[in-house]
Amino acid sequence: MIETNTQCEVSTPSATLLKVKPFESGQESPWDRFVLQHPRASFFHLSGWKRIIEKTFGHKARYFYCERDGKITGIAPIFECSNWLIGRCFISIPLAAYGGMVADDPESEQALLDHAKRLAQSASAGYLELRHRERELLEGFHANQLYVTFNAPLFPDAASNLKRLPKDTRYMIRKAEKGGLRVQRGVDQMTLFYDLFAQSMHRLGTPVFPPALFRNIVEEFPDHTQLMLVYDGTRAVTGVLSFFFRDTILPYYAGATPDATRLAASNFMYWELIKWAGEQGFQTFDFGRSKKGTGAFAFKSQWNMNAEQLAYQVFLVKRKTVPNFSPVNPKFEMAIRIWQSLPFSVTKWLGPSAVRLFP
């Protein structure tokens with residue numbers, strides 16, 4: 001193997017030279033073409049997500065890829081993150097449900113993995129985290145089994161989608177419909193949505209993301225996002241920002257008022273999204289990841305969806321234990337209670353700075 005500061009060259013058994021190269025400006029199109037055609041790639045592997053994280057949080061992108069005969073054979077979307085709480089770490093991919101490396105063949109994957117480990121080691125990082133959706137545990141890595149993702153098939157007709165839902169969930173949907181709730185779509189509701197999202201984060205005791213995150217998402221992916229809000233009369237009570245990727249819809253960020261549960265507004269919102277997505281021809285409803293033991297995990301478990309353990313894994317460099325930033329971690333209990341006790345306006349002001357500590 002010959003290594004330089006910019007790329008590595010690996011001789012494979014086929015004697016075809018495999019090169020590991022850093023991602024550079026102007027390579028977005030071939031990168032995204034690879035993502036769109038690879039079955040294990042996700043919305044978050046697209047180069048647009050890189051730009052969103054860079055613009056919103058300032059984390060340093062360390063993206064690289066494998067190339068053979070001028071053709072991309074694997075990608076590694078990795079960010080270098082550093083602050084006083086987590087130290088220095090390498091994560092694939094921040095704020096993403098799914099990340100990790102994607103490759104066409106074992107040689108490309110191994111070359112990317114070796115390069116990623118060298119990056120973390122040369123930077124004296126605490127750890128390298130790969131947020132794979134599905135992957136056997138890599139040698140030398142530790143499993144991080146905090147997250148589960150939920151998904152279900154979609155059907156073109158509403159009746160078929162409704163039929164597969166549990167009885168209690170259908171009851172809550174009917175309750176909301178009888179209450180006269182209605183939905184409205186459009187990014188012109190972003191200010192209202194952000195307030196709903198911030199309210200939810202306050203109740204959870206979690207710092208809220210900056211408004212710029214959501215602006216950057218819809219600006220970067222105007223044709224692959226949808227903002228939908230639910231109204232009780234003229235008052236917005238819950239909302240969700242969803243992503244489109246191939247034949248899948250992924251409701252990713254959501255927020256609600258305190259009385260949304262009483263109104264069954266979230267049940268109504270996700271049912272309306274399922275119904276609409278099926279009519280539009282989407283094949284899969286990806287309910288996204290949730291930490292085990294949380295309210296979101298319990299809510300998603302009520303929708304008769306496939307629960308899939310996410311194969312997140314951590315390579316420890318200087319750190320001795322796998323990081324655990326879950327809200328159910330007893331170490332964060334006091335911090336969560338303090339955050340919940342702060343005035344809502346204060347958490348909206350402090351949240352964007354504090355949330356940067358948790359990529």
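Threonine 225 has its bridge partner, phenylalanine 243, in strand S15; strands here are DSSP E runs of at least two residues and helices are H or I runs of at least four, numbered from the N terminus. This is a predicted model, where local features need pLDDT of at least 70, side-chain atom pairs count only at pLDDT 80 or more, and totals for chains, interfaces and linings use all residues. Residues are numbered from 1 along each chain as its sequence is written, and side-chain values use heavy atoms, with hydrogens and water left out.

S14, residues 225-232, and S15, residues 235-245, run antiparallel and are joined by eight bridges; pairing requires at least two bridges by DSSP. Both belong to an open, mixed sheet of seven strands, ordered S13-S14-S15-S16-S17-S12-S18. S13 (182-185) and S18 (306-309) are at the edges with a single partner strand each, so one side of each has no neighbour in the sheet.

Helix H9, residues 265-280, packs on this sheet and touches S13, S14, S15, S16 and S17, contact being heavy atoms within 4.5 Å. The direction of H9 makes about 35 degrees with that of S15; axes are lines fitted to C-alpha atoms, for helices over the stretch in contact, and angles run from 0 to 180 degrees between N-to-C directions.

Now the second largest pocket. A pocket is an open set of points on a 1 Å grid over the protein atoms alone, where a 1.4 Å probe fits, with protein on both sides within 12 Å along at least five of seven lines; lining residues have an atom within 4 Å of a point. The lining has 30 residues, with Pro39, Arg40, Ala41, Ser42 and Arg133 nearest the centre. S15 gives the largest share, three residues.
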